[in-house]
Amino acid sequence: MSSSDLDVVVFGSCIVDFISYVPRLPKVGETLHGTRFATGNGGKGANQCVAAARLGSRTAMIGKLGDDPWGGAYRDALAAEGVNVERVEIVPGESTGIAQINVADNGDNQIVIVTGANKCLAPADVQSSEGFLARARILVCQLETPLEGTMAALSAFEGISILNAAPAEKHLPRSLLTKATIFCVNETEAALLTDMQEVNDVEQAKTALFRLRELGCKTIIITLGEKGAIFARPEDSEVVHVKPVKVNKVVDTTGAGDAFIGALAHFMAKNPEADLSWCIAAANRVAACSVQKPGTQTSFPRAQDIDLPKDLASLEKQCVKV
């Protein structure tokens, strides 16, 4: 392969999902009868990589799996999605990361993760993957693996990097916040990082965005679920609200944020001249499509499933300065 032959490389987590479908989310100490159980492949890193691959990006994953039956099967599944898995390593003596997920009838979810082999992803893996990093247009990172490795990856990468700061931690080091080209969080993560009681609407998200800018973040995107997303570049004095895509029925919101991030990386890699607002609007459509199907990676659409905004007039209707 030649240089720049990869669109998206993801440095992050691989986790197997154990999903229980329930009428509603249980209260503390409550036992509920579920209606269905399923297993699937997840982890924010792998989810985002598969989302980009399904849309047509040439992708590679840098991650860790356990030396159990789940690990080998997961690596094979990534390869079947067209992901380059040369740097997805099986770690002796470690279990594959797992997530226990409850999905309610209204689409809400609860998730608990046990990271397993993911905790072994380290700066040394950045050094051994320098070739991949040099060949990619976009790097995507998250916070389900140790910060040291993530910081090393962001420091080593010379192209456009996207940091999805999830799951959020309250006091992230400024040195991490300033490294990524694009810093993306949802409303819950934005509230935690900025010490706000809540971020439930566009105005609150706008306040959170400017607080994140004060912390050193560059281009900032805050996703708002059914309310769309807002963003601003470092030089922007105004914030842009990218309006949501209407969905007739929400089936399962698990992985919707990962579908958005993977799609964002894909559209930025494939359309380097496109305005960021177009890429966000297109990623919104991918996320909206994913919530209409059950599961995580299994819900991610392919390129032919997405109706994209192709002209400026339609895009202008979706984007408004706030």
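In which sense do strand E10 and strand E11 pair, and over how many bridges? I looked this up before anything else. Strand E10 (residues 182-186) and strand E11 (residues 219-223) pair in the parallel sense, over five bridges. Two strands count as paired if DSSP finds at least two bridges between them. Phe-183 stands opposite Ile-220 in E11.

**Ground rules.** I noted that this is a predicted model, in which local features need pLDDT of at least 70 and side-chain atom pairs count only at pLDDT 80 or more, while totals for chains, interfaces and linings use all residues. Residues are numbered from 1 along each chain as its sequence is written, and side-chain values use heavy atoms, with hydrogens and water left out. Helices (H or I, at least four residues) and strands (E, at least two) are DSSP runs, numbered from the N terminus.

**The sheet.** I traced an open sheet of 10 strands in the order E5-E4-E1-E8-E9-E10-E11-E12-E13-E14, with mixed pairing. Strand E5 (84-91) and strand E14 (319-321) are its edges, each pairing on one side only. Neighbouring strands are turned by 20° against each other on average, direction ignored. Axes here are lines fitted to C-alpha atoms, for helices over the stretch in contact, and angles run from 0 to 180 degrees between N-to-C directions.

**Helices on the sheet.** I found helix H9 (residues 256-270) packed on the sheet, touching strand E1 (6-11), strand E8 (136-141), strand E9 (160-164), E10 and E11. The direction of H9 makes about 175° with that of E9. Helix H10 (residues 276-290) lies across E10, E11, strand E12 (229-232), strand E13 (240-242) and E14, and runs at about 160° to E12. Contact means heavy atoms within 4.5 Å.

**Cores.** A nonpolar core is a set of buried Ala, Val, Leu, Ile, Met, Phe, Trp, Tyr and Cys residues joined through side-chain atoms within 4.5 Å. Buried means under 20% relative accessible area, exposed over 50%, and partly exposed in between (1.4 Å probe, protein chains only). I counted 50 residues in the largest core, where Leu-78, Ile-162, Phe-260, Leu-264 and Ile-280 have the most contacts inside it. H10 gives the most to this core, with 10 residues. Apart from it lies another core, of 43 residues, among them Ile-62, Val-126, Leu-172 and Leu-176. Leaving aside neighbours within four places in sequence, Phe-260 is in contact with residues including Cys-184, Ile-221 and Ile-280.

**Listed site.** I checked the UniProt record, an unreviewed entry, whose "binding site" positions include Ile-15, Lys-44, Glu-144 and Asp-258. Such annotations may be inferred rather than shown by experiment; positions are in the numbering used here, and feature names are shortened.

Is Asp-258 buried or exposed? Asp-258, in helix H9, is buried, with a relative accessible area of 4%. Beyond neighbours within four places in sequence, Asp-258 is in contact with Lys-44, Asn-47, Gln-48, Ala-51, Asn-164 and Phe-300.

Lys-44 is found in helix H1 (residues 44-55). Outside four places in sequence, the contacts of Lys-44 include Gln-142, Glu-144 and Asp-258.

Ile-15 sits in strand E2 (residues 15-22) and is buried at 1% relative accessible area.
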